[in-house]
Amino acid sequence: MSAVTTHHDDHAHEDHHHGPPPGLMRWVLTTNHKDIGTLYLLFALTMLFIGGFLAMGIRAELFQPGLQLLNPDLFNQFTAMHGLIMVFGAIMPAFVGFANWQVPIMIGAPDMALPRMNNWSFWILPFAGILLISTFFMPGGAPAAGWTMYPPLVLQGGMNVPFLIFAVHLLGMSSIMGAINIIVTILNMRAPGMTLLRMPLFVWTWLITAFLLIAAMPVLAGAVTMLLTDRFFGTSFFNAAGGGDPVMFQHIFWFFGHPEVYIMILPAFGIVSQILPAFCRKPLFGYESMVYATASIAFLSFIVWAHHMFTVGMPLAGELFFMYTTMLIAVPTGVKVFNWVATMWRGSMTFETPMLYAIAFVVLFTIGGFSGLMLAITPADFQYHDTYFVVAHFHYVLVTGALFAIVGGVYFWLPKWTGHMYDERLGKWHFWLSFISVNVLFFPQHFLGLAGMPRRIPDYSVQFVDWNVVSSIGGFVFGLSQLLFVYIIFRTIRGGAKAPDRAWEGARGLEWTLPSPPPYHTFVEPPKVTEADAHS
Amino acid sequence: MNMCPGALRKWALGLPLALSLASLSGSASAAWELNLPVGVTPLSTIVYDLHMLILWICVLIGVVVFGVMFYSIVYHRKSRGHEAAHFHHSAFAEIAWTVIPCIILIGMAIPSTTTLIEMEDTSDPDMTLKVTGYQWKWRYDYLEDGVTFYSNLAPESRRAIYEVGGPQERAEKYLLEVDNPVVLPTDKKVRILLTADDVIHAWWVPELGQKKDAIPGFVNEIWTRIEKPGTYRGQCAELCGKDHGFMPIVVIAKPEEEYRAWVEEQKQAQAEAQTAALREWTRPELMAKGEAVYASACAGCHQLDGGGVPHHIAGIAGSDVATGDLDQHLKVVLEGRAGTTMRAFGTELDDVELAALMTYQRNAFGNATGDLVQPATVAVARLNLGD
Ligand SMILES: [Cu+2]
Ligand SMILES: [Cu+2]
């Protein structure tokens, strides 16, 4: 990025009249993309720990047969809320946080295109989170019908039903606003010379993700609104006794739900595609095919939804259609994995913490992809469906996939964001503890599912004891290891070795031309980007 | 967010037990299970083969991809002085790794399609079994023979749920035992119709190789042909509320002749039950039967000791309903309470069972009303309520 302009003069000039206002109101009123990115990331971290606490409760109850800690109803509340909080509170906001911090400084924009809406879309989140979590303290407790909220069961919930629905609406609004902002920023605010096919892959994946969000979230809003009217206004959308169709909810939900899966994984692909070339000291292999693969995954994500519901009794033609389309997703996903491996091939690799997370992502996400392919095979899915095999599958893609990419991304850009290097030795400890324990936690769940253990049960028969003990021990270690993550982050915020502008030897891209930490306002004068800068 | 009583202490007591089990259970028969059962039907066998085929293909691809990757990690590292190459695309490689996966996928799709077509062919059955899911039990109707019964979690399992202690002290079939198992003939094509009364359930016995949702307002179909006599166990697989984990399925497959004998037995028992409703029952008879009915129909929610669940489900012990007006009590049990999980039991239980249950509830748990309820009383109450 040698041709980038005179940013040093810019920020010197900016600092003295555009610094952040002091105190708490800075965070409440902020329209600055870096502040809002930080808020999103801290919110996601908090939710990660609340959702993680629930997961620890689940693993503790499943540590041995019989009921010891949670009664069955509370157990169901834990599993439902764990899913809702992790999906809508932790993973999605974390990626929006990355987008806020990184998209402007990666495309050479001064800020997000719609800064006030940016503030709003963040500040909706804490209220939605509080609404959702407050249901634990209501008579009848929290939602207990799974994060998928299938009727008729979810409508048996007590006071929590309207709170759940309103919280989902708020979370959806926040996501849609965030997505609009990201699209407008990327399409309108790129620096001169930053053509679409010169954008960093992280920006590309987020552009596509944002379109998925805009298409999918309103569908979820519609589905939960129908739940609301079924419960309170006498409609029978999903009530068979009133002429409705309980399966229709599942179709609508998964029409949102499968794109949602990619909303949670495409930005992860983007982060990994930034990290790998930096530590391989070699350009990303197959940049354009990465872009096209991402776009085709996004397209396919709208025509595969019913693979989540092969057991509802669809016609044979429907089952075949959804089996074929789902299998087809393996092709673009495979292209991505092969491109990452080809990026590593004949590189000059070093293995700092972000790289370790990126490699772990490629391996473990691929394992999740393999089990996904197995689940696509309808006749076999009849055996796997709603067992721990499915639980293992989606935790491989969401924990060792999405979450590992998030953690790797944090280590990768933390020096840029804070101006300090994190403690590499602690980072490696965090990685190895997480990597080993997460596999001890989730790999045995494949066995449990195949051996016949259904998901979402608070107690099990004695044949399932052994692997549950192993899985719980892995879970406790994994959970505790994340305390180390928090410690490392806060230590890095407070101090540490000074990070250079280009924190990593092999890192390429506009953000590394800025000082670490970057001044409050950056790229007020847009940089000029050449072909050589973009793909070198 | 209340926890179960004495919870932490019990859990901690179990820790060493669970751990020691984990290390010792190499000898236990069904422990450390890794894979799908092959099963005992033609479908379960081909599904198993399909599963293994896809699994091995995935393992193979994994070995190749991760092999290349780890080679690269070992040899292409800076600490070995490896200089980075500068290539960043290759049309040949990119086309190859798009086309080859497509071919592999077609190879997987063909056996999957033929298997699926076979699974969905429920035509020409030898007999039909209708399965209805309830919160939280199964009802089985043998359509040709008119045999009907409910199948609940066995009381020994229910009692064991909250017991102190580790896995060793639990019954071998803990949570996988029912009071009334389904009996099916071997070597017959059995069509199974699935539906539900309240929420969505799913009927799954792994060794039969099939799982299908039981959905209120819908009737789904699967078929099976069990080739080996034996007892096969499964569970409800779709989250259906509080006791989702406690509605097991037990299928006993018997040779045709034994199966016919069983059907005759059931028919006779049902006829006897009808005449039993006409006679007077004694107190000990009613209390004994009532206890059994309570354990299967009520204890899931109201608990075996009648204490209910604090803040959640009313207790029976000392409750106004169970110690108050008999007609009111009968009305609640027959019709349920709208908008709550208290369901109507009028269709589920017959007059004898209800009479016994009422007698039991009104005299057990310290509810010393002294009332004795006869089947005839229940029959009259049904008429009055237009049930
Ligand atoms: Cu999906
Ligand atoms: Cu069920």
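In this predicted model, chain B contains an open sheet of 5 strands, ordered β4-β10-β9-β6-β7, with mixed pairing. The edges of the sheet are taken by β4 (182-185) and β7 (210-214) of chain B; each has a single partner strand, so one side of each is left without a neighbour in the sheet. From one strand to the next, the twist averages 25°. Strands of a sheet pair through backbone hydrogen bonds, and the pairing may be parallel or antiparallel.

Strand β9 of chain B, residues 230-236, and strand β10 of chain B, residues 248-254, run in the antiparallel sense and are joined over 6 bridges. Within this pair, B:Arg233 has B:Val250 of β10(B) standing opposite.

The remaining topic is the contact between the chains. Here 99 residues of chain B are in contact with 89 residues of chain A. On the side of chain B that touches chain A, the elements giving two or more residues are α1 (7-24), α2 (42-75), α3 (91-119) and β7 of chain B. The greatest contribution comes from α3(B), with 15 residues. By residue class, this side of chain B divides into 54 nonpolar, 27 polar and 18 charged residues.

Conventions. Residues numbered from 1 in each chain as written. Chains lettered and ligands numbered in written order. Predicted model: local features only at pLDDT ≥ 70, side-chain atom pairs only at ≥ 80, totals over all residues. Pairing = 2+ DSSP bridges. Helix = DSSP H or I, 4+ residues; strand = E, 2+ residues; numbered from the N terminus. Axes fitted to C-alpha atoms, helices over the stretch in contact; angles between N-to-C directions. Contact = placed C-beta atoms within 7 Å. Nonpolar A, V, L, I, M, F, W, Y, C, P; charged D, E, K, R; others polar.
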